[in-house]
Every structure is written in structure tokens, then in C-alpha cells.
Amino acid sequence: MGSMVGTVLVDVFTWQNLLVILVGVIGGILIGGLPGLTANMGVALLIPITFGMEPATGLLMLVAVYTAAIYGGSIAAILLHTPGTSASAATAIDGYELTKQGKAATAMRVSIVASTFGGIFSGVFLLLVTPPLSLVSLKFGPPEYFLLAVFGLSTIASISSGSLIKGLIAGAFGLLLGTVGMEVNSGFPRFTFGLLDLHSGVSFVPAMIGLFSLSQVLFMVKKTGESVAGVNLNLDDGRLLPTRQEIKTIKGASLRSSLIGLFVGILPGAGGDIASWIGYSEGKRFSKQPEKFGHGSIEAVAASEAANNAVTGGSLIPLLTLGIPGSATAAVLLGGLMIQGLVPGRELFTRYAEITYTVMFGFIIANLVMGAVALLAARYLQKITGVPNRILAPLVAALCVVGSYALGNNMFDVWIMVFFGMLGYLMRIYGFHPAPVVLGLILGPMAEKGFRQSLVLSKGDILSYTLSRPISLVLIVLIVAAVVVPAIMDYRKKHAAKPA
Amino acid sequence: MSLMADRLIGALLIVFSIALYINSRSFPIGSETFPQAMLATIFIFSVFLIAGTFKSKAGAGQEREKKPANRAASPYLTYAQVVLYVLLIRPLGFFVASALFIAGMMYFLGVRCGQIFLYTIIGFATVIYLLFVTQLKVPLPHGILF
């Protein structure tokens, strides 16, 4: 254990790893800060670049981008009332009120400190809880792996989409896409329609880049006719850090929201947007000055920002232990993990322990670097909100092309990306979220293997076989809950909205 | 409109699942079970999707399709440009095709300043060359020019 700590410390503090953390943090802040770009699209675009790096280095870059992009979303939320990412929507309320009152610099500092605290809090928890939790995966057999995939999909389907049915269709479609290509046992090419390039299956990274990044470009171009919403505020009030009084005010809200964010992050599928809204409303409930919420409360900014950044570490817990992402961006990160040949589960903490611990410890360092960079650059960060989509959109589209080509040096992957770009756009227009498709595509092979092995092991009586296994039973209950609870909540909401 | 869209999508998904189900009947025994189970799932939920439209008043969770302020900024026109760009990569080479695409799309989206074109294209080409060609050793396609 002692030698592992030493090795991990040496690994994290190599100049390459510190450099990728710094680059990842700056890139993440830019991605989050630009209202057209999202954390999902940023991480998806970076996977081909990290593929050529050492696994730990590449993954460190991805987690640094993830956490910094979630913080970056607060910049435009505070300065422009336009959340850079959906996770910062709650921040926009009080953050922008503070800007209107001439306190933008205070709001920025508070959001940086709360985000950093939330990120580090979740990072420490990730480091402590994940290794023992991964032991659970050792008790999993074929039926559990199948049910786990279904559970992950049902939760992400119910939360990420406005409609449960659409989410489930998207998940099943993703699992179906996972069956495209040569079948392992029979060698039979399934759903390839004579295309030799499809024999190895649908490459999930180009599909992800298309679904998240190219589709986002198509949304960005629609906003190019609008005037550029850059700001020019004086963010230099001579202070670098928040005052003692400010820290005292946000202390309780930050801690409470970090716990909320961590918990929401662990729940499969629920991301930063949900956490920040819960953090905000709970912050208001426990606040000594709840009347200030909505009118420029620094406590409110801290409550939503600590929550959304605590989601990042929380969402990595089920990802690393079971392969079930805790948020849509974590689903993209799962792709980054798999492409390095790393499969979530106990092996990550035994055979690949050095890589995994380096990434988890590096995640904490990334949050510290994020806090330092953001505090030092706070007064200049407003500049990034003024970059117009008419310049960004062509660049991101070209990056989608080069990124999807670079992975296998093949043009077919680029066409896959182009195809999924339009599919992702149409899906979003018609109320289907792309996240369940990506997750289904990645989990497809594992789900099918578990499904088929269970059929063989059960000797035809799959129901009794599955029900006789305690973990399977728990997973079935969780799947039913994941589908039924949102449906009941939806039903109640509709009925509550009806006038008596 | 959105209810009609949901009905149409549901109907298309039903046709899609039936067509692929027929296709999957030629798969060897064992290989067809899982895809068929997924197709059946899509089929059943598509029926639910259509049935739901007769009860609810609006499609759920749809990102409203706003008409762009600038007509050239149509997502479909942009998509056509991306397709053309990818088609041109082999004959023209990656860098030339990218420069043409970025310049063309920026022009369509309303950029008129020559310096912005120049800086954006040179900046993009430099970053891609340094990162992908020299660092990651990706053999980006060469065309007749570069």
C-alpha cells in the first residue's frame, strides 16, 4: 500500500501529467465558458487526442476537462445570464443578479471557490470509497452484468430524456447498434448490409463525436444571426480570494451542496443540472437569509456551484466500479476508458491500480489547479464569452472530422460521425436524448454476453434462475424503481398542475 | 405538430424494427436472440409512443426548432457543407479541404472580415499540424495540393 501511494504520487507529479492537467483545465474552462459548447462535446472531441497518450495521462486530461467545463459553465451564467452548460442554470439566477448589482467579481470568486470545494470533496470521496466498492463487482455473474446494463440504461433513459418511453427506445436502439458487426461465436456479420467496414462494429468514439459534438454544431449555427453577447465589465476589484465573511456565509451551503452533488452524481444518469437545482433549493431551505435567494445571494451561487462540481467525482464512482456512468458526460468518459483497454470493475483496482489511483488522485489535483487558474484568470474570463458561434461552429465541425479520422486513420469512421451527427440533431429536435444511445452502444457487447450466458446457465428457465440470485433480485427492483418512480412523479406533476 | 411528429417517428420505428427483425431471421441460432429482443423492445415502446400521443397534449422534452435569424444559418445547409467537406478530403487533401470548409462556412454564417478568415484558418491548421501530424503521428489524407 505504501509503495502504491509513493508510485501514484510520482506518477501524478510527472511534468507530462501536470501539463495535461493544466491544458485540460484551461481547455475545460474555455469549453464550459463558451455558451455554445458543452462538457459532453468537449470530452468526446478529446478522446481521439488522448488515445495516443499513456492511459493515465489521457484519462487525467479527460477528467480535468470534465470538472473544469462544469465550473466554466458558471462564467457565462454569472456574467450573461446564459448558462455555459445546463449544470449552471441555477447559478444564473443569483449570479446574474450580483452582476447587475456590480458585484460580478464577488460572484465569480464565490463560484470558483465553491466549485473547487465541491470538486475536491467529491474527489476525496472517490478515492476513499471506490476501491472497497469495486469488490461488489466480483460477486457479479452473467445475469448481473446484463441487468446492470439494463439498470444503467433505464436510469439514464428516465432522467436524461423528457419522455421515459423515448429514453427507453433510445437505450434499446443503442444496445441494438452494439450488435452490428461480426458476431463473436458464429463469425456471422449482423446488420452490416454488405459493408465490410461494419464487420468490426459501429466505432463508438466517432458515433459519440457525431451524437454530441456535430449535432451541437448544428444547434450552434442557428444562433449565429443573433448579436454576440460579449461583456465588458470591470472584474478587477483588487481582490484575489473571497473575504473571510464571504467564506463564512457560503461555508454551510458549500458543504451541504457537495454532499448533495456527490449523492446525485453516484445515481446513474442524474447529472450536474439536477444536482445544482437540488443544491440551490436545499441551500434556500437551510439558509439564514432565504429571502436573499433570487436577489443576488452569494450563498445561492455557492449552493448550485458546489453541487454541480461535486457531481463530477460522484459520477466517477459507479463508472469505475461497475461501468455505469453517473452522468451523460461520464458515459462519454466510459468510452475514453474502454478505448484504452480498461474495463471498469475490480481489475481497475488490482491489475491497473496504478493507472486508476493516479487518475483519482490526479482528479483532486485537477480541481486544485482549476481553482488556482480560475482565481488568477477571473478578471480575463469574460473575454471568452464574446467569441461568436459563427467562428466557433466551423472550427468545431472541422475538429469533429479530424478527431473521428485520427482514431483509426480511416474515412469510414468520419462517415460514421457524419451519420450520427444528423441522427443526434434529429433526436434532440424530437425529444430523444443521445446519451442512452451512446451508453447502449458501449454496454451492448457486455449486455449481450451476459444475456446469452444467462440463457445457457438457466437451462431455459431464465426467470427462476435470475430470481434465485440475490444481487439480480436487487438489480431487478432497482430497474423497476428507475422506470416506475419517474413515471409516478410525472403523473403527479401533471395532476398537480391541473386546476381543481 | 409535435404529436404528429411523435406518431410519425413511432410508425417509422415500427417499420424499422419489423424490417430488421425479418433481416435477423437469417442469423445463425443464438446470434439472433439479443438483437431480436432489442427490436421487440423498440417495437413495443414505439406502440406506447403512438398510443401516448392520443392522451397527451404536447410532445415531451423536445428542443424547440427555432427558425434561425440568418437563413444561411440553416442546420441542414451546414450539414450539407460538412458532407461536401468530407467528400473533398480525399481529392484535395485534409488541409486544403478544411481551409475551404472553414472559410465557406464562416462566410455563410456572416463573417466578412478578411483578417478573421486568415487568422482562424492559419490557427486551425497550425494546431492540427502540431498536435495530430507531429505529436500523434496521424497520417492525415494528402490530396493533389498538400
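A nonpolar core is a set of buried Ala, Val, Leu, Ile, Met, Phe, Trp, Tyr and Cys residues joined through side-chain atoms within 4.5 Å. With that in mind, welcome to this predicted model, where the largest such core has 185 residues. The residues with the most contacts inside this core are Val202(A), Phe94(B) and Leu140(B). Helix α4 of chain A, residues 55-80, gives the largest share of the core, 16 residues.

Let us look at Phe94(B) in more detail. Leaving aside neighbours within four places in sequence, Phe94(B) is in contact with Val401(A) and Val402(A) of chain A, and with Tyr85(B), Ile89(B), Phe124(B), Ile128(B), Leu140(B) and Pro141(B) of chain B.

That brings us to the interface. Here 67 residues of chain B are in contact with 62 residues of chain A. The two chains bury about 5500 Å² between them, and 80% of this area is on carbon and sulfur atoms.

| Residue | Partner | N to O distance |
|---|---|---|
| Lys166(A) | Asp6(B) | 2.9 Å |
| Glu448(A) | Arg190(A) | 2.8 Å |
| Arg452(A) | Glu448(A) | 3.8 Å |

Glu448(A) lies in helix α17 of chain A and Arg190(A) in strand β2 (residues 189-190), so their pair ties together parts that are 258 residues apart in sequence. Arg452(A) and Glu448(A), by contrast, are four residues apart in helix α17 of chain A, and are therefore separated by about one helical turn. Glu448(A) is buried at 7% relative accessibility, and Arg452(A) is buried too, at 18%. Together with Glu183(A) and Arg190(A), these two residues are linked in a network of salt bridges.

Helices α17 (435-457) and α18 (462-467) of chain A each supply at least two of the patch residues, and α18(A) gives the largest share, three residues. Val456(A) is in helix α17; this residue counts as exposed because its relative accessibility is 63%, and exposed means over 50%.

Technical notes
Residues numbered from 1 in each chain as written. Chains lettered and ligands numbered in written order. Predicted model: local features only at pLDDT ≥ 70, side-chain atom pairs only at ≥ 80, totals over all residues. Heavy atoms only, no water. Buried < 20%, exposed > 50% of the residue type's maximum accessible area, 1.4 Å probe, protein only. Contact = heavy atoms within 4.5 Å. Buried area = accessible area lost by both parts, 1.4 Å probe. Salt bridge = Lys/Arg side-chain N within 4 Å of Asp/Glu carboxyl O.
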